Amino acid sequence: MKLNRMITIPLRILLVEDNEADVILTKRTIKKIVEKPEIAVVEDLTACRERMVNFAPDVVISDYNLPSCTGLDVLQLVQEIDGSVPFIFLTGTINDEELAANTILAGAWGYILKKDMNDLEERLKPLLKKVVFNLSSKDELRERLRENRIAVNQIYDYLESLNSDNKEQKENIIRIKENLSKFDLGDEDGKA
């Protein structure tokens with residue numbers, strides 16, 4: 001008898017998809033696999049960059065053919081921001097073996113064809129379990145890194161907005177100080 005256990009570790013999933021029907025089906029399937037998923041949906045590179053920076057996903061699932069870019073553009077952006085984030089293609093475009101092989105060589109963890117959406121749960125579950133396996137031993141560190149990354153990104157946002165009005169600067173400083181006060185930047189052994 002095969003046990004069909006859900007993934008109980010909460011996962012932050014960035015879904016890069018422009019087709020609303022595929023978004024709904026993919027989210028529904030993820031919720032069958034992961035007990036407490038946090039799913040952010042974007043459809044272009046600008047929104048993807050913002051979510052990579054401020055959402056800090058555990059995994060990115062992306063269509064290959066998007067209105068303003070390709071999945072390889074998304075993969076390259078994700079790797080530039082955080083090369084350790086697993087990347088999975090969920091696409092109807094990859095239909096030749098050479099293109100599929102190139103996505104793997106470019107750094108994708110895998111790909112699922114949209115023609116197999118009826119079997120999406122069966123095909124996506126092993127890939128998400130692999131993500132969890134790689135994360136499970138690093139849970140506390142992963143959360144601290146995510147919080148630190150968000151705080152650093154807020155600092156960058158503040159520095160970019162130095163030319164804005166004084167009231168907004170004061171609010172940014174307060175927000176940044178509050179976020180930085182949450183972090184213990186190391187222990188007595190000097191480890192972060």
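Start with Thr-29. Setting aside neighbours within four places in sequence, Thr-29 is in contact with Leu-120 and Glu-121. Contact here means heavy atoms within 4.5 Å. Thr-29 sits in helix 1, residues 20-33. Is Thr-29 buried or exposed? Buried, with a relative accessible area of 7%. The cut-offs: buried is under 20% relative accessible area, exposed is over 50%, and partly exposed is in between, using a 1.4 Å probe and protein chains only.

Some ground rules. This is a predicted model, where local features need pLDDT of at least 70, side-chain atom pairs count only at pLDDT 80 or more, and totals for chains, interfaces and linings use all residues. Residues are numbered from 1 along each chain as its sequence is written, and side-chain values use heavy atoms, with hydrogens and water left out.

Now the overall layout. The protein has 7 helices and 5 strands. These are DSSP runs numbered from the N terminus: helices are H or I with at least four residues, strands are E with at least two. Along the sequence, the pattern reads β-α-β-α-β-α-β-α-β-α-α-α. Of the 192 residues, 40% are buried. Take contacts between residues at least 6 apart in sequence: 70% of them join residues at least 24 apart. The exposed surface comes to about 11,500 Å², with 49% of it from carbon and sulfur atoms. That area is Shrake-Rupley with a 1.4 Å probe; for residues, only the protein chains shown count as cover.

What is the strand order? It is 2-1-3-4-5, in an open sheet of 5 strands with parallel pairing. Strand 2 (37-42) and strand 5 (110-113) each have a single partner strand, so one side of each has no neighbour in the sheet. Neighbouring strands are turned by 20 degrees against each other on average, direction ignored. Axes are lines fitted to C-alpha atoms, for helices over the stretch in contact, and angles run from 0 to 180 degrees between N-to-C directions. Two strands count as paired if DSSP finds at least two bridges between them.

Go through the pairs. Strand 1 and strand 2 run parallel over 6 bridges, and Leu-11 stands opposite Pro-37. Strand 3 pairs with strand 4, residues 87-91, over 3 bridges, with Ile-61 opposite Ile-88.

Stay on strand 3, residues 59-62. Strand 3, helix 3 (71-81) and strand 4 form a right-handed β-α-β unit. Right-handed means that, with the strands pointing away from the viewer, the path from the first strand over the helix to the second runs clockwise. Helix 3 lies across strand 1, strand 3 and strand 4, at about 165 degrees to strand 4.

Last, the cores. A nonpolar core is a set of buried Ala, Val, Leu, Ile, Met, Phe, Trp, Tyr and Cys residues joined through side-chain atoms within 4.5 Å. The largest has 22 residues, and Leu-11, Val-34, Ile-61, Ile-88, Leu-124 and Leu-128 touch the most other members. Helix 5 gives the most to this core, with 7 residues. Ile-61 again: leaving out residues up to four places away in sequence, its contacts include Ile-13, Ile-30, Ile-88 and Leu-124. A second, separate core has 19 residues, among them Ala-40, Met-52, Tyr-64 and Val-85.
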